[in-house]
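Subject: Structure for your review

Dear colleague,

Please find the structure below, followed by an account of what was found in it. I would be grateful if you read the two side by side.

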Amino acid sequence: MDSKIYLDNAATTFPKPEIVYSSMDKFLREKCVNAGRGSYDLAQNATNLIDDTRKLLLELINSSLDKKVIFSPSATIAINQILRGLDWDNIKNVYVSPFEHNAIMRTLHSLQKTNEFNINIIPFDNMTFELNKDDLRIMYSRREPDVVIMSHVSNVTGYILPIKECHEVGKQYNPINIVDCAQSLGVVNVDAKSNFSECDFIVFAGHKSLYGPFGVGGFIYLNNKIKLKEVITGGTGSDSTNLEMPNESEVFFEAGSYNVYSIVGLNTALKWIKEVGSENIFNHEKQLTEVLIDGLMEIDGIEIYIPENLDSHIGVVSFNLSDYLAEDVGRILSDEFGIAVRTGHHCAPMIGEFLEGHAINGTVRVSIGYFNNTEDIEAFIEAIKDIGI
């Protein structure tokens with residue numbers, strides 16, 4: 001059955017705001033030329049659009065406008081640019097949370113093949129999801145942190161990680177702090193002057209909580225004292241006889257033609273978020289999340305993986321149904337009810353072991369977006385009740 005209800009917004013938000021579709025179509029037909037590669041009006045307009053999108057992202061996180069915003073094809077590539085750009089001769093201890101995505105974990109694993117460093121797991125309680133600050137302090141005292149990289153919102157559990165608290169515990173060691181905001185930016189508060197004041201790099205994905213298209217992600221470079229090496233090289237549209245990458249601006253990280261088509265979609269989505277209000281998007285998704293949790297809690301034989309404190313939770317609920325494999329529940333929901341969810345380990349290699357129980361074999365993940373409504377959630381709950389009978 002064709003999907004009638006889409007509940008896989010953690011993979012990508014869908015649908016997008018209608019204005020994103022229309023602006024991209026209009027731009028592709030009328031203005032889609034190569035930015036930074038010409039002095040004519042259309043090229044300059046494309047360059048101005050990119051600059052405006054950088055500004056909108058900095059405004060979204062309440063940052064000073066002199067910080068760099070680096071565009072890449074995805075958050076995964078952005079994470080690679082940051083991690084592979086670091087000086088690994090001086091890094092011995094990396095800290096991650098148990099909630100991390102393979103964009104982080106596989107990149108670190110790859111880097112361990114050529115660099116000697118430890119990957120340490122930040123201690124969280126697997127029942128409440130609370131950070132164990134005392135244990136973390138002890139860990140830091142024994143293995144001083146050089147890099148701390150963690151997600152802001154778990155793509156499996158919807159848990160909003162205590163970024164500020166983690167950064168405060170490690171502040172005396174002055175580690176490089178990287179936060180993956182692919183699931184949060186645009187919905188959950190990210191403020192470079194308050195809860196992210198110790199953050200050095202913020203990673204974003206245009207197609208997720210920012211409600212833009214595929215093909216554009218990147219990172220916000222908040223600490224220019226940290227120098228990154230080049231990872232991707234090529235043409236930048238200027239200084240063409242110099243075989244070195246120009247290092248005076250964002251283009252040091254942005255070799256090749258800009259995906260200006262996707263950037264215009266992100267630009268429009270950021271303006272839509274500004275108009276609707278991040279707080280309103282959060283509140284809408286939070287209200288639907290509460291309806292979802294309340295409904296699932298009434299079903300016998302269900303195992304739900306959410307934090308004890310639901311104030312630290314948004315948008316994503318993973319669960320297992322007794323007597324069913326997660327993949328079977330997903331297939332039944334799709335084939336018999338036209339409901340799209342995600343099943344498996346969700347590119348998070350440590351989450352099953354952390355959650356224990358049936359989660360070892362994967363979970364059913366429901367993830368809510370702004371364009372879902374109460375009827376969607378109620379239909380999903382009724383479908384799970386029917387499957388469980």
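A residue is called buried under 20% relative accessible area, exposed over 50%, and partly exposed in between, with a 1.4 Å probe and protein chains only. By that rule Ile-77, at 30% relative accessibility, counts as partly exposed. This is a predicted model, in which local features need pLDDT of at least 70 and side-chain atom pairs count only at pLDDT 80 or more, while totals for chains, interfaces and linings use all residues. Residues are numbered from 1 along each chain as its sequence is written, and side-chain values use heavy atoms, with hydrogens and water left out.

Surface patches

Ile-77 is placed in helix α3 (residues 75-85). Helices (H or I, at least four residues) and strands (E, at least two) are DSSP runs numbered from the N terminus. Together with Val-231 and Ile-232, Ile-77 forms a nonpolar surface patch with about 200 Å² of accessible area. Accessible areas come from the Shrake-Rupley method with a 1.4 Å probe, and for residues only the protein chains shown count as cover. Patches are made of residues with over 30% relative accessible area and no salt bridge; like charges are joined within 9 Å, and nonpolar side chains (Val, Leu, Ile, Met, Phe, Trp, Tyr) within 5 Å. A salt bridge is a side-chain nitrogen of Lys or Arg within 4 Å of a carboxyl oxygen of Asp or Glu.

A negative patch is made up of Glu-290, Asp-294, Glu-298 and Asp-311. Asp-311 is exposed at 65% relative accessibility and sits in the loop between β9 (302-305) and β10 (316-321).

Cysteines

No disulfide (a pair of cysteine sulfur atoms within 2.5 Å) is found in the whole structure. For Cys-181, the nearest cysteine sulfur belongs to Cys-199, 6.8 Å away. Cys-181 is buried, at 0% relative accessible area, whereas Cys-32 is partly exposed at 31%.

Backbone

Most residues other than glycine have a negative phi, and most peptide bonds are trans. The bond from Phe-14 to Pro-15, however, is cis, with omega near 0 degrees; Pro-15 lies in the loop between β1 (5-6) and α1 (18-30). Asp-323 has a positive phi near 75 degrees and is exposed, with 80% relative accessible area. His-346 also has a positive phi, of about 60 degrees, but His-346 is buried at 2%, in the loop between β12 (342-344) and α10 (351-355).

Yours sincerely

Methods. Lys and Arg count as positive and Asp and Glu as negative; His and the chain ends are not counted. The place of a charge is taken as NZ of Lys, CZ of Arg, CG of Asp or CD of Glu.
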